[in-house]
Amino acid sequence: MTPRADIDVRIVNEDGLREWTRALSTGFLRSPEVSDVELEARRGGFLPGRTLGAYDGERCVATFRSFPQDLSVGAGVTVPADAISNVTVSPTHRRRGILSRMMAQDLAAAKERGDVVATLIAAEYPIYGRYGFGPATWTSEWTIDVPRAGLDPRWAGPADGGRIDLVDASDVRKLGPELHTWLARQQPGAVSRGERWWQVNTGVVRFGESWDEPFYAVHRSADGVVDGLVSYEAQDKWDGKQPQNTADVNWLIAATPAAERALWQYLCSIDWITKVKTGWRAPDDLLPFFLPDPRAARLTTHADWLWVRILDVVRALEARPYDGTAGGTGGGPVDGSRRGLVLEVVDSAGFAGGRYRLEVSAEGVGSCMAGVREAAEITLDVRELAALWLGDESAVRLAALGLVREERAGAARVADALLRTSRRPWCPDIF
């Protein structure tokens, strides 16, 4: 449908926040009534110049917001990202090009600021590929049948000298940021959590009148260091005087496998708890194999999660770490004899298209040159590059699907050897 010229896309100021919030709720099929509590919460996170609205007359009919974010590529390195959220179009104004206008405006501003990528969590899969986004991480959720798991019901704490302690929300706000920052810098796909994240997730900032305080537990190692933290709630259910309660995990972060194992075992050891819903976890999470019977952890959700839109190919490819031994020639063995690839990146929006040569040193450091004249060895859209960038997707698989084109035989295999990671990237957050 031809975009309507009479729809005005503009930056929203604080005075327009109530009308914008009403449109946001409408787009997400929530009650359009805006309470003073919600408005105050929205105002606390308002960033001038980063909130867009589309207006038909004085009525806001579409919403869009972005904010600064650090995205981890692993090995302690992060890149600046344009995090996109609160994207809606009212049902009366769909298919009129409104989202395309807001997205183009925001991405152009992000490119001008020097953001390396844009990020979002997609409510619907088909929408964002046309804007150059690709699914860079996936997520999984398990439901643990505790009686079947095979864990010792008499478990009273870690055997290695560590301990589990219940803590209050104020403790979480003190202990959580440093722990998450450490973890996020090591975990490709993780995003930064500012002070406001901790306030929202511990009830300081509330979007409604009510707040049900969750339980918080920390794991302390044998030397007293907090290296794990979990937030969970409990569903109270009894059947014929028998407890059938479920522990719902809001989030769990751990700096070591030992801390992670101990927190899951703690959750499974709580009296009356017969099921544990894990919340969003990495698709290759260790959890099922912490259990004597891994089948007790039933996979209930597996879906795309963090979507990435690359705005600067050179900085994106040079930021991430590589396996220094990776490489290959043609369809031959991956023997380290060639650690480079020439990519033709197609970007219809004009932000990141071009021909690039990626070289990886023996130490695993990448260098990337734009505008090379060599023949391309592989051609792909910027959305497919985003799916490959953090190491989760396979170029060989994308080639089989017709989404990547080999210009030289074996180039997709070389791309996999260069780009794929031993553990899958993961984003623990929704935003």
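Predicted model: local features only at pLDDT ≥ 70, side-chain atom pairs only at ≥ 80, totals over all residues.

Me: Why is Ser-394 called buried?

Reply: Buried means under 20% relative accessible area, exposed over 50%, and partly exposed in between (1.4 Å probe, protein chains only). Ser-394 has a relative accessible area of 9%, and therefore counts as buried. Ser-394 is found in the loop between helix H8 (382-389) and helix H9 (395-400); helices are DSSP runs of H or I with at least four residues, strands are runs of E with at least two, and both are numbered from the N terminus.

Me: What makes the link between the side chains of Ser-394 and Asp-416 a polar contact?

Reply: A polar contact is a pair of N or O atoms within 3.5 Å; within protein, one must be able to donate a hydrogen and the other to accept it, and residues adjacent in sequence count only if both atoms are side-chain atoms. The side chains of Ser-394 and Asp-416 are joined at 2.8 Å. The side chain of Ser-394 also reaches the backbone nitrogen of Arg-397 at 3.1 Å.

Me: How do you know that the length of helix H4 agrees with its number of residues?

Reply: The expected span of a helix is 1.5 Å times one less than its number of residues. H4 (residues 169-186) has 18 residues and should therefore span 26 Å; its end C-alpha atoms are 25 Å apart, which agrees.

Me: Where does H4 have a kink?

Reply: The kink, of about 40°, lies at Gly-176, shortly before the proline Pro-177. The bend at a residue is the angle between axes fitted to the seven residues ending there and the seven starting there.

Me: Why does Met-102 count as buried?

Reply: Met-102, in helix H3 (residues 98-113), has 0% relative accessibility and is therefore buried. Leaving aside residues up to four places away in sequence, Met-102 touches several residues, among them Val-9, Leu-52 and Phe-64; contact means heavy atoms within 4.5 Å.

Me: How many bridges join E13 to strand E14 (residues 273-277)?

Reply: Two strands pair if DSSP finds at least two bridges between them. Four bridges join E13 to E14, and these strands run parallel.

Terms used
Residues numbered from 1 in each chain as written. Heavy atoms only, no water.
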